[in-house]
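Here are some notes for a colleague who has not seen this structure before. Please read them with the model open.

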Amino acid sequence: MSDTFPILGDISADKFLAEYWQKKPLLIRHALPGFESPISPDELAGLSLEEEIESRIVIEEGKEGPWQALHGPFNDETFSQLPETKWTLLIQGANLWLPEAKALLDHFTFIPPWRLDDVMISYAPEGGSVGPHYDYYDVFLIQGLGQRRWQVGPVCDQDSPQLDGTTLRILRDFDATEDWVLNPGDMLYLPPQVAHSGVALNDCMTYSIGFRAPSATDMLDDLTTELLSQGNSIYYSDPELTPDMATENIDPAFIHQVKSLLSKVLDDEALLADWFARYMTAPKYPGLVDESEEIRRAEVNGLQYENGEPKA
């Protein structure tokens with residue numbers, strides 16, 4: 001594989017992965033020279049009318065309070081009632097419905113393809129934003145139309161104070177350490193948990209290439225389901241007991257016994273490899289595979305997986 005990827009500018013893929021990936025932000029001017037959004041704001045709004053397409057609108061000063069989130073599908077009346085400024089339309093999974101959005105993924109083949117989540121496209125008029133926040137996933141933000149001001153702040157976590165009165169995870173305190181205006185073709189990479197805020201300076205469209213970042217609890221939940229489906233039959237048994245242990249107190253030996261039991265499962269690399277390949281190739285919208293023609297592939301231990309299943 002070539003180490004040269006024009007979308008990274010004068011930085012090699014090796015350097016990007018070693019110094020920036022999941023470590024620190026990177027702004028790349030002219031990452032896609034001459035890039036123009038292949039879809040118009042009106043066409044994007046049209047996608048949000050479709051039942052099968054996941055869409056949201058975020059209104060900074062909503063009727064029900066600050067940073068109000070609406071979920072599609074929408075209709076013409078929805079858009080007629082929006083304010084002139086300070087709102088954002090977001091379309092998830094655009095790569096499943098728009099060949100031009102899917103084509104953007106060809107620029108990111110230095111990342112394993114099974115790590116991809118989706119391409120999200122957003123439109124915002126002047127002042128439109130989804131508020132200062134952080135995400136748990138990596139994302140490349142490509143400017144497709146107009147200008148957006150991006151401010152980047154410190155690393156955050158679940159203990160970072162959030163704004164009350166909204167269902168969105170808006171940071172209550174946001175102190176920017178970097179400040180850039182992106183033009184069409186510019187790209188900003190943001191690693192997980194870095195606080196950021198993007199505000200449209202005019203009619204603005206942004207293409208966000210995001211990567212899957214499941215939580216440990218989500219993975220354990222899915223792994224448990226997989227173990228149950230396979231009829232895994234490892235059961236708990238006591239450590240060596242003594243009469244002194246016959247109290248309400250749980251002796252550390254019991255905890256060590258549970259840890260040992262779970263470790264036996266997690267130390268089965270063949271089982272984990274099979275489960276992880278299934279998990280990471282599962283379609284984003286399993287019920288829409290026929291319509292979206294989504295195909296996710298991976299290979300592990302010489303076995304190929306497609307859309308969550310091993311291939312015969």
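1. In strand β10, R148 has A200 as its bridge partner. The pairing of β7 with β10 (residues 194–200) is antiparallel and counts 6 bridges. Strands here are DSSP runs (E, at least two residues; helices are H or I, at least four), numbered from the N terminus, and two strands pair if DSSP finds at least two bridges between them.

2. This is a predicted model, in which local features need pLDDT of at least 70 and side-chain atom pairs count only at pLDDT 80 or more, while totals for chains, interfaces and linings use all residues. Residues are numbered from 1 along each chain as its sequence is written, and side-chain values use heavy atoms, with hydrogens and water left out.

3. β7 (residues 148–155) also pairs with β8 (residues 178–182), again antiparallel, over 5 bridges.

4. The largest nonpolar core has 45 residues, of which F16, F110 and F140 touch the most other members. Such a core is a set of buried Ala, Val, Leu, Ile, Met, Phe, Trp, Tyr and Cys residues joined through side-chain atoms within 4.5 Å; buried means under 20% relative accessible area (1.4 Å probe, protein chains only). Another core, of 9 residues, lies apart from it and includes L141, V152, L182 and L188.

Technical notes
Buried < 20%, exposed > 50% of the residue type's maximum accessible area, 1.4 Å probe, protein only.
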